[in-house]
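Q: Please take a close look at a single part of this protein and describe its surroundings in one connected answer.

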Amino acid sequence: MATEGVDKSLNLEKRDALIESIAKRLGVSAERGKRFAELTSLRVGGAIDWVIQPHTEEQAAAVIYELDKADIAWRALGSGSNVLADDEEHHYVVLSTQDLKGTVSFEGALVNVSAGYSLPRLCIDVWREGLSGIEGLGGIPGTVGGALWMNAGAYEHEIGTVTETVRVAREGRVVNIPGSSVKWDYRHTSFRDGELLLGARLRLKPDDPVKIKERMDEAKARRMATQPHGSRSAGCFFKNPPGSKLGTGKMIDNMGMKGTRRGGALVSPIHANFIVTEGENARAEDALRLAEEIRERVRNEHGIELEYEVELWRADSRVVKSSESLESEESLESSESVESSRGFEELGGLGEARNSQDSPNSPNSLNSQNSPNSLKGEK
Ligand SMILES: Cc1cc2nc3c(=O)[nH]c(=O)nc-3n(C[C@H](O)[C@H](O)[C@H](O)COP(=O)(O)OP(=O)(O)OC[C@H]3O[C@@H](n4cnc5c(N)ncnc54)[C@H](O)[C@@H]3O)c2cc1C
């Protein structure tokens, strides 16, 4: 954790200088003054110390390697369509994949794509190529990286079932791991906090583009009929309780909570498992307060503890770093292959030991499946 008062500001000054020097050496943009309200679909959330936006997978791998080496906490963010960040100041680096788009390439039924590529765009690209397997995902906002992270899915399709390999950042390199070595659960995967996903190769099935388009349109129509569109949301806020006959949306609806408003947040009148925000003054706290109220009522009236599907990012929680995640992921090591060598050998000192877990600058994370407040999303 960062130290308080004068020491903290001194530490932050030192950290800031390091970030500037890393970004300059690697040729990536590093910006200050951004807020989560600009980077997430709920349009709420506080200030972020730094946003770094690499353009290539190699650059991204090198950036987080350098940040880890310097003991600087970071977090990956795609389109921010599954994240609710609180209103406080977030003292860590957001590694945004928005510029990590690359180009989509096809090799028969294999599709190669980078983590920052738009998932809806990819669905259109593969339909035009006459490839089937992800048409149900067409209406899910976000990036390929975000979809891989939580095994996004809808209408009988999940990204994990078609993922042949995933490219991840390891020790400053782009490394290929087989999709079969990842546990793809219902809106949940075995990727660890601190793991940066860089891209994937998907294996799809050739099919008639007309039929694929029909299925895409059908999924879109179902989505439009049942979910709010054009609103500021993060999709379903809570998971469906396992084993319950009643879906979470129906449960909240039956409690008469549709349209309930707290500050700038309200339960969508269209789909009760969507919390939407409205107006310039909406705050993350409003959405959280409303969410906690829903959880309390469901607990009291149904005896069910609703789990968040949206990821809650607290400014004061600890961010797990990739070095920690690697320590607990030895099982994957045997199946890895290094795809490209470290792109930035000129950096010097790259072989040095990683930082310990007791980082002086590590804020906290709530998105770990290992963390007590595990909030990794499930639809
Ligand atoms: C209107 C609406 C409808 C939705 N419907 C669905 C649906 O039907 N099905 C569904 O599954 N989801 C749905 N979602 C949720 C959301 O769109 C998905 O979870 C999406 O995959 C998130 O992608 P993202 O790029 O926005 O990720 P973000 O919100 O930016 O990030 C989500 C998580 O993924 C991690 N992450 C992102 N990129 C990377 C990376 N490259 N490496 C490592 N970690 C990364 C982040 O750290 C964070 O923990 C919906 C959301 C909205 C707003």
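Leaving aside neighbours within four places in sequence, which residues is Leu95 in contact with?

A: This is a predicted model, in which local features need pLDDT of at least 70, side-chain atom pairs count only at pLDDT 80 or more, and totals for chains, interfaces and linings use all residues. Residues are numbered from 1 along each chain as its sequence is written.

Apart from its neighbours within four places in sequence, Leu95 is in contact with Ile52, Ala60, Val63, Ile64, Trp74, Arg75, Ala76, Leu77 and Leu196. Contact here requires C-beta atoms, placed from the backbone, within 7 Å of each other. Leu95 is also listed, with Ile64, Val93 and Ala287, among the residues with the most contacts inside the largest nonpolar core, which has 97 residues. A nonpolar core is a set of buried Ala, Val, Leu, Ile, Met, Phe, Trp, Tyr and Cys residues joined through C-beta atoms within 7 Å. A residue is buried if 20 or more other C-beta atoms lie within 10 Å of its own, exposed if 12 or fewer, and partly exposed in between. Buried residues make up 49% of the 379 residues in the protein. In soluble globular proteins, nonpolar side chains tend to be buried together.

The secondary structure around this residue comes next. Helices (H or I, at least four residues) and strands (E, at least two) are DSSP runs, numbered from the N terminus. Strand β5 covers residues 90–96 and pairs with β3 in the parallel sense over 4 bridges; two strands pair if DSSP finds at least two bridges between them. Within that pairing, Arg75 stands opposite Val94 in β5. The open sheet has 4 strands in the order β1-β2-β5-β3, with mixed pairing.

Helix α3 (residues 57–69) lies across β2 (48–53), β3 and β5, and runs at about 160° to β5. Axes are lines fitted to C-alpha atoms, for helices over the stretch in contact, and angles run from 0 to 180 degrees between N-to-C directions.

For the protein as a whole, there are 10 helices and 21 strands. Of the contacts with a separation of 6 or more, 71% are between residues 24 or more positions apart.

Terms used: Contact = placed C-beta atoms within 7 Å.
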